[in-house]
Amino acid sequence: DRHEDTVTACAFHPVEGSERAVTASVDTTVKVWNTKWGNCVATLKGHSASVNGCCFSHDGELIYTASSDNTMREWMATAPFKCLSIIIGHYAPVHNVAFATSGKHLFSVSEDRTVRAWLKFTLPSEPGVNTPAARVGSQPFSVTSSNGRVTDWFQWRQVALFASAHPMRCLAGSRSEEEEEVACGSSDGCIYLLRLMLPGDY
């Protein structure tokens, strides 16, 4: 059940009593574990380079991973553990991902010296076949119900970017009930406390 190379990150499921945890590794895989019995429940494969960070959504229904292949991925946290979307936009290895207060905005830090905020939009209808490919964010993707019917279409889009003079290496989301804040650290020893403020927030 063990990873085949260095384990880079781990996170517990946020819901009390869930008995689940997730780990990321240089071996390019992500593993979901049963914390009561210690066995591996699933191995998530898809990244083409080291997986450097991982986290659950606030409700524990989804897993997010950051990789040296310059992408992030969104996975189902339960069987069949499907990869729902690939989020692109960083130009260098992504070191970590995290949510802040609301649980709506996904934050990422990268060797490309940026911190980025992402938001998953609900699309009004199924995208047409001629929909242009996303250069930043994800391709439109659907979520299906238990009977296999498509329920909604979504797309991740970048909503904010903070540029630093040095690569950004670590990230943590605030649990404050009032502000959407993250703390992040860079390779020159600096720590940044960033507050996401979008139009309509002030």
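Analyst: A definition to begin with: two strands pair if DSSP finds at least two bridges between them. Note also that this is a predicted model.

User: OK, what is the order of the strands in the open sheet of three strands?
Analyst: The order is β14-β15-β16, and the pairing is antiparallel.

User: Which strands stand at the edges?
Analyst: β14 (168-173) and β16 (191-195) do. Each has a single partner strand, so one side of each has no neighbour in the sheet. On average, neighbouring strands of this sheet are turned by 25° against each other, direction ignored.

User: How many bridges join β15 to β16?
Analyst: Five, with β15 covering residues 181-186. As for a bridge partner, Gly 185 has Ile 191 in β16.

User: How do the lining residues of the largest pocket divide?
Analyst: Eleven are nonpolar, four polar and one charged.

User: And what about the second largest pocket's volume?
Analyst: The second largest pocket has about 180 Å³. Its lining has five nonpolar, two polar and four charged residues, and among the lining residues are Asp 59, Glu 61, Lys 104, Lys 120 and Phe 99. β6 (62-67) and β11 (114-123) each supply at least two of the lining residues.

Key: Residues numbered from 1 in each chain as written. Predicted model: local features only at pLDDT ≥ 70, side-chain atom pairs only at ≥ 80, totals over all residues. Heavy atoms only, no water. Helix = DSSP H or I, 4+ residues; strand = E, 2+ residues; numbered from the N terminus. Axes fitted to C-alpha atoms, helices over the stretch in contact; angles between N-to-C directions. Nonpolar A, V, L, I, M, F, W, Y, C, P; charged D, E, K, R; others polar. 1 Å grid on protein atoms, 1.4 Å probe; cavity = no way out; pocket = protein on both sides within 12 Å on 5 of 7 lines; lining within 4 Å. Points joined across faces, edges and corners; volume = space filled by probe spheres on them.
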